[in-house]
Amino acid sequence: MAEIVPFPSTRTPRAPEPLWRELLGAELRRRRHERGDTLTETADAAGVSPQYLSEMERGLKEPSSEMIAAVAGALDASLLELTSAVADGLRPATSQRPSTPQRPAGQGAFALAS
């Protein structure tokens, strides 16, 4: 009987993409450190426990949009600013961000699913 040989793949393997929650956590930590706030100060301002915020920052939690908005507010950032910064982290370093016309605040459509 003939041996079955798999057809060679022409695809080049890609590196795994980072998880959203990991990039979100890194952005939250970066912004908190930039402000000079402690974990406890930011957690108190957001109405979450320091342990939960720590787990968010380490990418261990998949927080709801409400939790993300609460922490963003505690860091004096809008949800749009925060999620845009995370989305920018998903783009390859060599790609250019597409040029889009700027809209006045409040006239764009943006939603997160929880």
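Mentor: The account below begins with the chain and then turns to one helix pair.

This is a predicted model, in which local features need pLDDT of at least 70 and side-chain atom pairs count only at pLDDT 80 or more, while totals for chains, interfaces and linings use all residues. Residues are numbered from 1 along each chain as its sequence is written, and side-chain values use heavy atoms, with hydrogens and water left out.

The chain has 5 helices and 0 strands, where helices are DSSP runs (H or I) of at least four residues and strands (E) of at least two, numbered from the N terminus. Of its 114 residues, 26% are buried, that is, under 20% relative accessible area with a 1.4 Å probe, protein chains only. Among contacts (heavy atoms within 4.5 Å) with a separation of 6 or more, 65% join residues 24 or more positions apart.

Helix 1 contributes Arg 21, Gly 25, Ala 26, Leu 28, Arg 29 and Arg 32, and helix 3 contributes Ser 54, Met 56 and Glu 57. These residues divide into 3 nonpolar, 2 polar and 4 charged; Ala, Val, Leu, Ile, Met, Phe, Trp, Tyr, Cys and Pro count as nonpolar, Asp, Glu, Lys and Arg as charged, and the others, Gly among them, as polar.

How values were computed. Buried < 20%, exposed > 50% of the residue type's maximum accessible area, 1.4 Å probe, protein only.
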